Amino acid sequence: MKQMTPIKTLAALGAFAALATPAFAQEAAAAPDINPYIFTTLLFLIGGFLVFWMAAGFAMLEAGLVRSKNVTMQLTKNIALFSIAAIMYWLVGYGIMYPGDWLIEGWLGPFFAVASLEPVGLGADAASLDYASAGSDFFFQLMFCAATASIVSGTMAERVKLWPFLIFVVVLTGIIYPIEASWQWGGGWLSEAGFSDFAGSTLVHAAGGFAALAGALILGPRIGKYKDGRTVPMPGSNLALATLGTFILWLGWFGFNGGSQLAMGTVGDVTDVSRIFVNTNMAASAGAVVALLLTQFMYKKPDLTMILNGALAGLVSITAEPLAPSVFDAVWIGAVGGLIVVFTVPLLDKLKIDDVVGAIPVHLVAGIWGTLIVAVNTQTEISEGVSRTVMQQFGVQAMGILAIGVFTFVASGIVWYILKATTGIRVEEEDEINGLDMAELGMEAYPEFSKG
């Protein structure tokens, strides 16, 4: 049998490759691009567990800023509210927030659309390759819902009953938050109007702040907080815990804002996520530094709790638009957030609104600021090639804040009033003095803290 020479063998292989190439090319061209689906799903999962970690941040921050006799109660509220939020968001919240069919077009989604997942072993041919898996989307969005409830927990600490608070969480996470969030993120009327809130300065933070404000007004201040025209300091139990909680929240915010890019399938998307990370970090840093300098100037000594809340206010301020601003813009936007905290905390005390952890200045007031300033960096398109002016966009932003604020405040107020009239929402005076750990949870009181 005649043997082929090495040269003839190579020539034959080359001819075969030339013939086969068109077939392989056609097969490759027919295969769907699964990378955007995979990487966006991964973005949601990573972002989701970073935002989940914020639940630990809220718990540590609040545990550090309440008095020792109320620490266990605060921790109980935080793990309970997250768990309730998960169940309520699955049962009704997700369907209301992202309606397939509106009950009232643009305003109200269906109440009985339970969130569902894709089947096990989903193939590429059956997947929605232009977005991400349903499970990752649900998981990511749930964390925002739970964060809204955490904001309320800190404001009303040290005097609210456990079970009425948890009943409020059921309504907030299952109905109130999903309805107002659907107006923007669900493609509702605010989205159609051109309102812009990238990751939730108003939809999450200000909404939580409005719910907290309604509760604080109805609940009233802690015993002894305001006496003879002055504000009585009530130092927290552990500023190390509060500082740890702030850093955990800061870390989680990279998932909060970065994941809200909602895509990671292109070079541009990944680059934008990195830009969001940088702007988020710079805004937090600026808020902390401004609070540090202002408290030194105003009180002659730095105030750690103000510095912690200054960083958080900087984070809230940049959340409405962390992508479009330059780094310099992110710095001054966050810096104003720090300034807001330093001036709003004493203002609330003058109004005798008792906010134990400073959530109203951080989440409500800084959230409003962050949403309004979006108009400077982002204007939506009215028609092809025509964008709104800064003032026009400012008006749309103000309209969105007003709509969400009025709805959330009124709806929350109604729920709090109903709870107050039925179960009662405030513990007895003696129980408040002894501490909620003993009164609500049956824990043994520590004598040195019983009157603190």
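Trainee: What percentage of the 452 residues of the chain count as buried?
Mentor: This is a predicted model, and every value we discuss is computed from it. A residue counts as buried when its relative accessible area is under 20%. Of the 452 residues of the chain, the share that falls in this class is 52%.

Trainee: How many helices and strands are there in the chain, and what part of its contacts joins residues 24 or more positions apart?
Mentor: The chain has 16 helices and 4 strands. Among its contacts with a separation of 6 or more, those between residues 24 or more positions apart account for 79%.

Trainee: What is the handedness of the crossing of H10 and H12, and at what angle do they pack?
Mentor: H10 and helix H12, residues 359–372, have axes 8 Å apart and pack at an angle of about 40 degrees. That angle makes H10 oblique to H12. As for the handedness, H10 passes H12 in a crossing that is right-handed.

Trainee: Which residues of H12 make the contact with H10?
Mentor: From H10 the contact takes Asn309, Leu312, Ala313, Val316 and Ser317. By class, the contact of H10 with H12 holds 6 nonpolar and 5 polar residues, and no charged ones. The residues asked for in H12 are Val362, His363, Ala366, Gly367, Trp369 and Gly370.

Trainee: Is Phe140 buried or exposed, and which residues does it touch?
Mentor: Phe140 lies in helix H4, and because its relative accessible area is 1%, Phe140 is buried. Phe140 and Gly255 are 115 residues apart in sequence, yet their C-alpha atoms are 9.2 Å apart in space. Not counting residues up to four places away in sequence, Phe140 touches Phe44, Gly47, Gly48, Val51, Gly255, Phe256, Gly259, Ser260 and Leu262.

Trainee: Where is the place of Gly259, and with which residues is Gly259 in contact?
Mentor: Gly259 is in the loop between helix H8 (239–258) and helix H9 (267–299). With a relative accessible area of 2%, Gly259 is buried. If neighbours within four places in sequence are left aside, the residues in contact with Gly259 are Leu43, Phe44, Phe140 and Phe254.

Trainee: What is the distance between the C-alpha atoms of Ala214 and Thr408?
Mentor: Ala214 has its place in helix H7, residues 201–219, and is buried with a relative accessible area of 2%. Leaving aside neighbours within four places in sequence, Ala214 is in contact with Phe409, Ser412, Gly413 and Trp416. Ala214 and Thr408 are 194 residues apart along the chain, and the separation of their C-alpha atoms is 8.9 Å.

Trainee: What is the phi of Glu158, and where does Glu158 lie?
Mentor: Most residues other than glycine have a negative phi. Glu158 is not a glycine, yet its phi is positive, at about 75 degrees. Glu158 is buried, with a relative accessible area of 2%, and lies in the loop between helix H4 and helix H5.

Terms used
Residues are numbered from 1 along each chain as its sequence is written. This is a predicted model: local features need pLDDT of at least 70, side-chain atom pairs count only at pLDDT 80 or more; totals for chains, interfaces and linings use all residues. Side-chain values use heavy atoms; hydrogens and water are left out. Helices (H or I, at least four residues) and strands (E, at least two) are DSSP runs, numbered from the N terminus. Buried means under 20% relative accessible area, exposed over 50%, partly exposed in between (1.4 Å probe, protein chains only). Contact means heavy atoms within 4.5 Å. Axes are lines fitted to C-alpha atoms, for helices over the stretch in contact, and angles run from 0 to 180 degrees between N-to-C directions. Angles under 35 degrees count as roughly parallel, over 145 as roughly antiparallel, 65 to 115 as roughly perpendicular and the rest as oblique. A crossing is left-handed if the near helix is turned anticlockwise from the far one by less than a right angle, and right-handed if clockwise. Ala, Val, Leu, Ile, Met, Phe, Trp, Tyr, Cys and Pro count as nonpolar, Asp, Glu, Lys and Arg as charged, and the others, Gly among them, as polar.
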